[in-house]
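Reader: I have just opened this structure and would like to learn how to read it. Could you take me through it feature by feature?

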Amino acid sequence: MSGTNTDVPSAEQVAVEDCPVREVLDRIGDKWSVLVIVLLGWRTHRYSELHRTIDGISQRMLTLTLRALVRDGLVRRTAHASVPPRVEYSLTELGRTLLEPLTALNRWAAEHRDDIRAARERHDGGRPGG
């Protein structure tokens, strides 16, 4: 079996400033975006539902995350003219295309979490914190 994978971008492709991978990772690589995308993959949510469900996220950070995801075309914001006003968030078709790679990443993480923890312990010499 070859030690190279032709699907892996070259170092030159990743190092350039206008790299599509870097641009996407800037969006989904933050602490909250993946959680929001996965939750919206299940169903449409109201802002308050998202805020209650995502442990530890502040209102400000949820607002910023949703705005960025809407701006990037991954999430749709729908405001309903009701009293009180109701705003719902759902994934766009583009956002739905992210569910497959995120599911694969989740599966990989679950399968290899213990391996990574063991490697950290070996590296750190069995001492917490290195």
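Author: Gladly! Let us begin with a term: a contact means heavy atoms within 4.5 Å. Leaving out residues up to four places away in sequence, Thr 65 touches Trp 32, Ser 33 and Val 36. Before we go on, note that this is a predicted model, where local features need pLDDT of at least 70 and side-chain atom pairs count only at pLDDT 80 or more, while totals for chains, interfaces and linings use all residues. Residues are numbered from 1 along each chain as its sequence is written, and side-chain values use heavy atoms, with hydrogens and water left out.

Reader: Which helices and strands make up the protein, and in what order do the elements run?

Author: Helices (H or I, at least four residues) and strands (E, at least two) are DSSP runs, numbered from the N terminus. In this protein there are seven helices and three strands. Starting at the N terminus, the order is α-α-α-β-α-α-β-β-α-α.

Reader: Is Thr 65 buried or exposed?

Author: The idea is relative accessible area: buried means under 20%, exposed over 50%, and partly exposed in between (1.4 Å probe, protein chains only). Thr 65 has 5% relative accessibility, so it counts as buried. Thr 65 belongs to helix H5, residues 59–71. Arg 67 is also found in helix H5, but Arg 67 counts as exposed because its relative accessibility is 57%. For the protein as a whole, 22% of the 130 residues count as buried.

Reader: How do I describe the way H3 and H5 cross?

Author: Two packed helices are described by the angle between their axes and the distance between the axes. Axes are lines fitted to C-alpha atoms, for helices over the stretch in contact, and angles run from 0 to 180 degrees between N-to-C directions. Here the axes of helix H3 (residues 33–42) and H5 come within 10 Å and cross at roughly 70°. Angles under 35 degrees count as roughly parallel, over 145 as roughly antiparallel, 65 to 115 as roughly perpendicular and the rest as oblique. H3 and H5 are therefore roughly perpendicular to each other.

Reader: Which residues meet where H3 and H5 come together?

Author: From H3 come Ser 33, Val 36 and Ile 37, and they meet Leu 62, Thr 65, Leu 66 and Leu 69 in H5.

Reader: How are the three strands arranged?

Author: Two strands pair if DSSP finds at least two bridges between them. The three strands form an open sheet in the order S1-S3-S2, with antiparallel pairing. S1 and S2 are the edge strands, each pairing on one side only. Strand S1 (residues 45–46) is joined to S3 by two bridges, while S2 and S3 pair over six bridges. Glu 88 in S3 is the bridge partner of Thr 78.

Reader: What joins S2 to S3, and where does Pro 84 sit?

Author: A hairpin of five residues makes the link from S2 to S3. Pro 84 sits in that loop, between strand S2 (75–80) and strand S3 (86–91). The peptide bond from Val 83 to Pro 84 is cis, with omega near -5°.

Reader: Where does helix H7 bend?

Author: The bend at a residue is the angle between axes fitted to the seven residues ending there and the seven starting there. Helix H7 (residues 99–124) bends by about 55° at His 112. Just after H7, Gly 125 takes a positive phi of about 70°.
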